[in-house]
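Please examine the protein shown below as a whole, and then follow two of its residues in detail.

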Amino acid sequence: MSTELQVGTKAIVKVPSSSANLGPGYDTLGLAVTLYDTVEVEVTESGLEVVIFGEGEEDLPRDGSHLVVKALRSGLNAADVEAPGLRVVCTNAIPQSRGLGSSAAAAVAGVAAANGLAGFPLDEDQLVQLSSAFEGHPDNAAASVLGQMVVSWTTVPVDGRSLPEYRARCLPVHPDVRATALVPDFHASTQAVRRVLPSHVTHSDAAFNVSRTAVQVAALTNHPDLLLEGTRDRLHQPYRADVLPVTAEWVNRLRNRGFPAYLSGAGPTIMVLHTDPIPEAVLDDARDQGLRVLPLEIAGPVEVEVTQA
């Protein structure tokens with residue numbers, strides 16, 4: 001029989017944004033960056049109240065279909081606890097549908113809040129599993145759970161009935177690495193951008209990406225001088241260039257100047273991983289073209305603070 005949480009118990013979650021793929025590491029590599037959503041969950045006597053501030057406040061649902069609420073309920077079920085009612089307040093700074101892991105952050109926030117309310121019975125592997133299930137791949141969610149850089153993978157069961165297993169490990173990023181995001185003012189649908197990818201790739205392109213993924217891991221952890229080479233890709237970015245022309249233009253412009261730029265997740269955000277500052281004139285040009293410039297650092301893991309009634 002599930003334990004009922006005490007009314008008035010509250011969890012406050014600070015969850016970092018994330019960038020996935022990092023160039024060649026398609027659905028595998030992820031990076032947490034210092035752009036945060038904050039979610040406050042309080043156990044109430046009954047019902048559900050959802051309050052939203054910031055990004056998405058005009059569009060996101062305010063009922064049980066909200067991703068934070070769905071993930072929260074999944075986490076409570078996994079922790080074997082129940083809440084008679086819930087008040088959920090989301091303060092969002094992560095742009096929606098821009099390739100910065102807003103959906104994964106919402107899933108992580110809900111699961112992490114549930115874990116905190118229940119007294120932290122779930123470990124990091126379980127948090128990665130539960131939050132990644134909403135995405136169908138673990139790169140963004142694992143980065144928001146664990147912080148820093150993650151290498152992630154999915155094990156598909158051979159019995160055809162069991163759920164996929166989502167796994168990840170965190171690697172510390174070299175302290176000299178910084179991130180700058182250039183965020184266009186339009187959305188990108190992950191499903192639509194995935195549809196342009198081919199069903200088959202050549203052996204040479206696959207080998208190219210395997211090698212550059214290895215280089216990228218080395219670059220981010222110990223050899224940041226290799227970041228430009230480590231962000232090269234042949235599996236997804238070339239195919240997405242036609243549907244994300246602004247993104248492709250800026251990735252090329254930055255790379256031609258020697259800055260390791262790539263398409264963040266499914267886009268349309270351009271992410272640059274660098275040790276030398278990007279010239280202000282370049283950033284001003286981006287702003288003049290309607291891109292939001294976000295100077296970022298590498299972030300730590302999701303944070304949860306709990307207060308008892």
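The protein contains 10 helices and 13 strands; helices (H or I, at least four residues) and strands (E, at least two) are DSSP runs numbered from the N terminus. This is a predicted model, in which local features need pLDDT of at least 70 and side-chain atom pairs count only at pLDDT 80 or more, while totals for chains, interfaces and linings use all residues. Residues are numbered from 1 along each chain as its sequence is written, and side-chain values use heavy atoms, with hydrogens and water left out.

Along its principal axes, the C-alpha trace spans about 60 × 50 × 35 Å. Of the 309 residues, 49% count as buried, where buried means under 20% relative accessible area, exposed over 50%, and partly exposed in between (1.4 Å probe, protein chains only). Among contacts with a separation of 6 or more, 75% come from residues 24 or more positions apart, a contact being heavy atoms within 4.5 Å.

Ser19 is placed in strand β2 (residues 10-20) and counts as buried because its relative accessible area is 0%. Its C-alpha atom is separated by 6.5 Å from that of Gly101, 82 residues apart along the chain. When residues up to four places away in sequence are not counted, Ser19 touches Leu29, Gly30, Leu31, Asn140, Tyr262, Ser264 and Met271. Its side chain forms a polar contact of 2.8 Å with the side chain of Tyr262, and a polar contact of 2.8 Å also joins the side chains of Ser19 and Ser264. A polar contact is a pair of N or O atoms within 3.5 Å; within protein, one must be able to donate a hydrogen and the other to accept it, and residues adjacent in sequence count only if both atoms are side-chain atoms.

Which loop holds Thr269? Thr269 lies in the loop between β10 (261-263) and β11 (270-274). Thr269 is buried, because its relative accessibility is 0%. A polar atom of its side chain lies 2.7 Å from the backbone oxygen of Arg98. Leaving aside neighbours within four places in sequence, the contacts of Thr269 include Arg98, Leu100, Ala181, Thr247, Tyr262 and Ser264.
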